[in-house]
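Please look at the sequence and the model below before reading on.

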Amino acid sequence: MKQIRIATRKSPLALWQTEHVATLLRAAHPGIEVSLVPMSTRGDDVLDRSLAAIGGKGLFLKELELAMLRGEADCAVHSLKDVPMELDAPFALSAILERADPADAFISNLHASLDALPQGARVGTSSLRRQAQLRARRHDLQLLDLRGNVNTRLAKLDAGDYDAIVLACAGLQRLGFHDRIGVRLAAPDWLPAPAQGAIAIECRAGDARMQEMLSALDHAPTRTCVEAERAMNRALHGSCHVPVAAYAQLHGDRLHLSGLVGSASDGRMARAQDEAASDAPEALGQAVARELLARGAGEFL
């Protein structure tokens, strides 16, 4: 195979991530020709409603998967946090790249931190997970919907539509917006979406040659951590309809996982954590999910 065609969304962040993957593939396989196949997805096109209302984050994948099935692309690049817990049968995640900063970012042009926001401040985020954690910290805030790509969301903040917004640090850093990060909202106090900060490459499960080529980019420690987070989310039947957060860290041969399920309406939440051997991410994710349910998470699911 002399050529690899990568399906990608057209947003600036998606294109950055796909160009990054293309560069890594060219380095791993000298002589290979790598090209991008940019596409629009329903998740990108419908911006006047929340993702939960129009069918969830899987909308970002469907058109890219159809392009692979039609033979127009060999693989697709995704933010792993947007990938559903269960892939459709003909597809596999052949590579998960080393994770970038998993934290969220508090961004405001006027206020130094979440605690410094005035009473009733307007904070933009469409993520139920972020809303639940914001509500737990500040019951008084007005939480307003915020859709669009990173540039669009920052422009809405700059236009005065919000007093502050919350975005992923990784996306900001990848696009060169390091200086917009006011405060990192990070573990253990604030938990990210499962697999936040990780890039995944998807291909057809039966394409053995493509799977082998992509596997050169797989980062085993990241895969171990995100498998635990996604296993927890899967056991809870989590999606963008549910405020679920998870963060796993490797410490030698031990894997530690913290999980959270919350209520976006009133900020109540259940938290749990556990650890296991690093070769048991699936079992660890299921154990933390069981503990969350034992602590009342079912009420928020």
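## Basis of the report

The model is predicted: local features need pLDDT of at least 70, side-chain atom pairs count only at pLDDT 80 or more, and totals for chains, interfaces and linings use all residues. Residues are numbered from 1 along each chain as its sequence is written, and side-chain values use heavy atoms, with hydrogens and water left out.

## Helix α9

Helices (H or I, at least four residues) and strands (E, at least two) are DSSP runs, numbered from the N terminus. Helix α9 covers residues 220–235 and has 16 residues. The expected span of a helix is 1.5 Å times one less than its number of residues. For α9 this gives 22 Å, and the end C-alpha atoms are 22 Å apart, which agrees. After α9 comes His-237, whose phi is positive, near 55°.

A residue is called buried when its relative accessible area is under 20%, exposed when it is over 50%, and partly exposed in between (1.4 Å probe, protein chains only). The buried residues of α9 include Thr-222, Cys-225, Val-226, Met-232 and Asn-233. Charged residues are also found in that list, among them Arg-223, Glu-229 and Arg-230. What covers the buried residues of α9 includes the elements β4 (91–96), β11 (244–251), β12 (254–262) and α10 (281–294).

## The nonpolar cores

In soluble globular proteins, nonpolar side chains tend to be buried together. A nonpolar core is here a set of buried Ala, Val, Leu, Ile, Met, Phe, Trp, Tyr and Cys residues joined through side-chain atoms within 4.5 Å. The largest such core has 20 residues, and those with the most contacts inside it are Met-232, Leu-236, Leu-257, Val-261, Val-288 and Leu-292. Two or more residues of this core come from each of α9, β11, β12, β13 (269–277) and α10. The most, 4 residues, are given by α10.

Contact means heavy atoms within 4.5 Å. With neighbours within four places in sequence left aside, Leu-236 is in contact with Val-244, Val-261, Ala-289, Leu-292, Leu-293 and Leu-301. A second, separate core of 18 residues includes Val-77, Ile-201, Met-213 and Leu-214.

Ala-289 belongs to helix α10 and is buried, with a relative accessible area of 2%. Not counting residues up to four places away in sequence, Ala-289 touches Met-232, Ala-235 and Leu-236. Ala-289 and Asn-233 are 56 residues apart in sequence, and their C-alpha atoms are 7.4 Å apart in space.

Ser-258 lies in strand β12. This serine is buried, with a relative accessible area of 15%. Beyond its neighbours within four places in sequence, Ser-258 is in contact with Leu-191, Ala-245, Ala-246, Tyr-247, Ala-272 and Gln-273.

## The second largest pocket

Rolling a probe the size of a water molecule over the atoms shows where empty space is left. On a 1 Å grid over the protein atoms alone, a cavity is a set of points where a 1.4 Å probe fits but cannot get out; a pocket is an open set with protein on both sides within 12 Å along at least five of seven lines, and lining residues have an atom within 4 Å of a point. Grid points are joined across faces, edges and corners, and a volume is the space filled by probe spheres set on the points.

The second largest pocket has a volume of about 160 Å³. Its lining includes Met-85, Leu-93, Arg-223, Arg-230 and Glu-282. The elements that give two or more residues to this lining are β4 and α9, and α9 gives the most, with 5 residues. By class, the lining has 5 nonpolar, no polar and 5 charged residues. Ala, Val, Leu, Ile, Met, Phe, Trp, Tyr, Cys and Pro count as nonpolar, Asp, Glu, Lys and Arg as charged, and the others, Gly among them, as polar.

## The loop between β9 and β10

Most residues other than glycine have a negative phi, and most peptide bonds are trans. Pro-188 is in the loop between β9 (183–185) and β10 (199–204), and the peptide bond from Ala-187 to Pro-188 is cis, with omega near 5°. Ala-195 lies in the loop between β9 and β10. Its phi is positive, near 70°, and Ala-195 is buried, with a relative accessible area of 0%.
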